[in-house]
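Please look over the sequence and the model below before reading on. The briefing that follows is arranged by topic.

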Amino acid sequence: MTAKKTTQPFSQLDIAPTIALILGLQLPNPDGRPIDFAVDWECKNVALIIIDSLGYDLLMWLLPTLENMRALSIEGQLLRAEAVSTHTTPAIASILSGLLPEHHGIFDKAGAKESSILSLPEIAAASGQSCAVIMEQNGADVYQGLIEVVCGIPDSIPPQDFDREACRMTCQALSKRPRLLVTYFIGIDKSVHLGLGLEGIREAALLIDRCIGKILSIADDETMFIICGDHPIHAGPLKRIKEPYCVAIIIAKGRTQKN
Ligand SMILES: [Zn+2]
């Protein structure tokens with residue numbers, strides 16, 4: 001994989017159009033545009049890993065200690081992408097639809113259930129593609145009966161347990177080689193809200209990085225990995241209080257397994 005210098009301004013809104021193009025799907029009127037170098041890699045499947053509160057500045061601070069994400073950002077690309085919201089639900093809806101919050105109109109969990117906006121997993125499943133969504137329970141419920149694999153995890157369990165469970169379910173789902181997999185890690189955001197300080201955040205990030213290592217070990221080189229944050233940190237001492245509000249996106253190909 002050739003690492004190209006990327007200068008165009010990127011946005012979270014570009015994720016859905018990029019995935020749609022890779023999977024050969026039509027996304028209705030997206031506000032973003034495909035990230036061209038990723039499309040050129042000709043991957044067949046996509047694994048989208050959303051990490052709650054993975055702001056760009058935060059990842060830059062953490063990256064020296066995160067073995068797997070650092071390797072992926074070197075093998076692929078690490079992008080600084082404009083965030084569309086400082087809240088989880090509208091941001092994830094934008095990641096999965098390519099629409100600005102004012103266009104998808106999903107601002108809370110109830111809105112997500114009632115919305116008629118089609119997101120990528122539904123569009124992929126409607127085209128006959130196998131999809132898996134691993135998410136906190138409310139988010140996952142939206143997809144019940146619409147896609148092949150839906151795993152909901154209660155966000156009432158300890159964050160470390162949530163992330164370990166997300167990792168386990170993701171590995172299980174990936175072994176079936178879905179065209180599209182969406183998974184979600186919560187630990188960094190929970191550490192922020194629990195006031196666990198910088199070390200708590202780092203610990204949560206290290207756990208997620210180990211999970212990503214496990215996930216990578218069972219993926220193949222036909223799968224594109226897109227790892228992204230939903231918003232920069234929105235509480236506590238590392239809270240982002242001025243523009244630009246940016247999240248990290250890492251795009252890389254899965255590896256050919258040696259054994
Ligand atoms: Zn969030």
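Cys228 stands opposite Ile249 in strand S8, where strands (E, at least two residues) and helices (H or I, at least four) are DSSP runs numbered from the N terminus. This is a predicted model, in which local features need pLDDT of at least 70 and side-chain atom pairs count only at pLDDT 80 or more, while totals for chains, interfaces and linings use all residues. Residues are numbered from 1 along each chain as its sequence is written.

- Strand S8 covers residues 246–253, and because eight of its eight residues are buried, it is largely enclosed by the rest of the structure; a residue is buried if 20 or more other C-beta atoms, placed from the backbone, lie within 10 Å of its own, exposed if 12 or fewer, and partly exposed in between.
- In a regular strand the side chains alternate between the two faces of the sheet.
- Cys246, Ala248, Ile250 and Ala252 point one way from S8, whereas Val247, Ile249, Ile251 and Lys253 point the other way, and all of them are buried.
- Strand S7 (residues 223–229) runs antiparallel to S8 and is joined to it by five bridges, pairing being assigned if DSSP finds at least two bridges between two strands.
- Strand S3 (residues 77–82) also pairs with S8 in the antiparallel sense, over six bridges, and Leu78 has Ile250 of S8 as its bridge partner.

**The nonpolar core**

- The largest nonpolar core has 85 residues, and those with the most contacts inside it are Ile19, Val46, Ile226, Cys228 and Ile249; such a core is a set of buried Ala, Val, Leu, Ile, Met, Phe, Trp, Tyr and Cys residues joined through C-beta atoms within 7 Å.
- Leaving aside neighbours within four places in sequence, Ile226 is in contact (C-beta atoms, placed from the backbone, within 7 Å) with Ile15, Val46, Leu48, Ile249 and Ile251.

**Exposed loop residues**

- Asn29, in the loop between helix H1 (15–23) and helix H2 (36–40), has a positive phi near 45° although it is a residue other than glycine, and it counts as exposed because it has 8 C-beta neighbours inside 10 Å.
- Glu42, in the loop between H2 and strand S2 (45–51), likewise has a positive phi, near 55°, and is exposed, with 10 other C-beta atoms within 10 Å.
- Most residues other than glycine have a negative phi.
- Gly195 is found in the loop between helix H11 (187–193) and helix H12 (197–218), and is exposed, with 10 other C-beta atoms within 10 Å.
- The C-alpha atoms of Gly195 and Glu165 are separated by 23 Å, the two residues being 30 residues apart along the chain.

Methods. Contact = placed C-beta atoms within 7 Å.
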